[in-house]
Amino acid sequence: MAYVRQRGSQVLIVHGVRNPDTRAVEQRVLFTFHTRAEALDALGRDAPARAATFRHRMERRYPNIRFDWKAIDTALARLMKLLPEQSARSTPEHEALHGGLATFARQIVLALGGDMPALTQEAQALRPQMEVLREMLDKLLAAPSSASSEGGPSWTFTLLDSRVPPDVEEHWEEVLDSGDLDRAEAAFTLLTLAFDDYAEGHNYLGLIALRRGRNDEAADHFRRAMEVGRAQLPRRVARDRWWSDHATRPYMRGLRNLALALVRGGRYDEALASCDQLESECHDRITATAHRAAAWLCTKRWAKAMEGGRFLHMIYPEESLTVALAAFELGQGDDARAHLLHATLAAPRAVAAVLGERMPVPVNSEEARDHDGGVHMVNALHGFIAHQGAASKRFFRALWRSDLFAQLRTEHAEVATRWAQDRSGSDRAAFERQHTMETIAFARQAVGLPLLQANKPSMEPT
């Protein structure tokens, strides 16, 4: 529960956090009011819409904290008289902006002068970041200037002063998703330089490095994301908080992505250690097992890979491919056939990519996701693919090209298309057939195997 407290000439909105070591309740500052104008904005005395905007931004920034706005407004109105008027001070935000602009301008002028070649050369080396900064400056300067003259919310920048604004992050994330890696890399590099606590920026830089095949560089970025993200958390984090508190996400993403980068880079022992850390610290057994299964398959630990795939394939059917590949190496051809078919009908493009088979160009978002999944699986299983035996390749390619597999792939594609085109949702037969065809029970029956008793696999990854 958030509440209001006074600290000197400032008024704070704070939240009580229990220290896991001392069990004492400590105050976490959520927002600081420096002036009476800011308090009036938050209360909406002159413009009620500003109060709604303030509340929305606070709740978006702290989604796991409950705000009793009636109590907060009452306390803020009572303490507001302690705050100075807007004109009585220069805010830390204003001073930081002016000071930063002055420092930056000085360096640019010196670089332009040509008397400091090293500085000029360094400025030119930062061209990608300079261009991104110019793009953001153009956007800022193009914004209407009337907001300030009309007395826009004076707390806007204070609220976001220590974090990258969500709108800015979303914009550059969209640039990354569009495939413009150069601009995205320049932007996230600039943002991580400007915001010391921007852990997600290092995660994005790691993902860019992964897409460029620079696995070691990606691992370094993910470690940095973990380091920055962990510094923002208490020394000990309660088990349920890993999944309920958004503040844990940057660290968890960094650790998940680190395991992925290490698998792709063929550093399997390090990857398995990261998976152990992911499960023991963050209680994320599913992601840990997915990366373990890939590492086990690439290091010929067939029984472990098969067991890991069995643990996952009911959640992620494409993991049945891991089961199939490991089962063949263990001499379990029937299981290999059934699980290959299960994976094929759920993710045909991913399976084709791993087997080295061609597929038509994706024509919709579902096929594009399947294609991207295939790229991921090829990168994760490259250690296995590079050393896959000739007998294994012949076995799986013969199954893929068989009449049975071809007919079922065609039927599955047809019912999936029919269901996707049924805008009214009345063609339940297509949906039900598609759902049935994507089960392991259907795959076993199709290859002539008896159904298994439904039971949850028991597996303890090591």
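Helices (H or I, at least four residues) and strands (E, at least two) are DSSP runs, numbered from the N terminus. By this definition the chain holds 26 helices and three strands. The model is predicted: local features need pLDDT of at least 70, side-chain atom pairs count only at pLDDT 80 or more, and totals for chains, interfaces and linings use all residues. Residues are numbered from 1 along each chain as its sequence is written, and side-chain values use heavy atoms, with hydrogens and water left out.

The C-alpha atoms fill a box of roughly 85 × 60 × 50 Å along the principal axes. Of the 462 residues, 40% are buried. Buried means under 20% relative accessible area, exposed over 50%, and partly exposed in between (1.4 Å probe, protein chains only). A contact is a pair with heavy atoms within 4.5 Å. Among contacts with a separation of 6 or more, 60% join residues 24 or more positions apart. The chain exposes about 25000 Å², and carbon and sulfur atoms supply 53% of this area. Accessible areas come from the Shrake-Rupley method with a 1.4 Å probe; for residues, only the protein chains shown count as cover.

The chain carries 59 positive and 61 negative charges, and their mean positions are 4 Å apart. Lys and Arg count as positive and Asp and Glu as negative, while His and the chain ends are not counted. Each charge is placed at NZ of Lys, CZ of Arg, CG of Asp or CD of Glu.

The whole structure has 26 salt bridges. A salt bridge is a side-chain nitrogen of Lys or Arg within 4 Å of a carboxyl oxygen of Asp or Glu. One of them joins Arg-253 and Glu-200 (2.1 Å, N to O). This pair links distant parts of the chain, with Arg-253 in helix H14 (residues 249–264) and Glu-200 in helix H11 (residues 199–211), 53 residues apart. Arg-253 is partly exposed at 38%, whereas Glu-200 is buried at 14%.

Arg-292 and Asp-276 form another salt bridge (2.8 Å, N to O). Arg-292 lies in helix H16 (residues 285–298) and Asp-276 in helix H15 (residues 268–282), so the pair ties together parts 16 residues apart in sequence. Here Arg-292 is buried, at 1%, and Asp-276 is partly exposed, at 34%.

Arg-310 also meets Asp-335 in a salt bridge (2.8 Å, N to O). Arg-310 sits in helix H17 (residues 302–312) and Asp-335 in helix H19 (residues 333–346), 25 residues apart. Arg-310 is partly exposed at 23%; Asp-335 is buried at 15%. Salt bridges also link Asp-182, Glu-185, Arg-212, Arg-214 and Glu-217 in a network.
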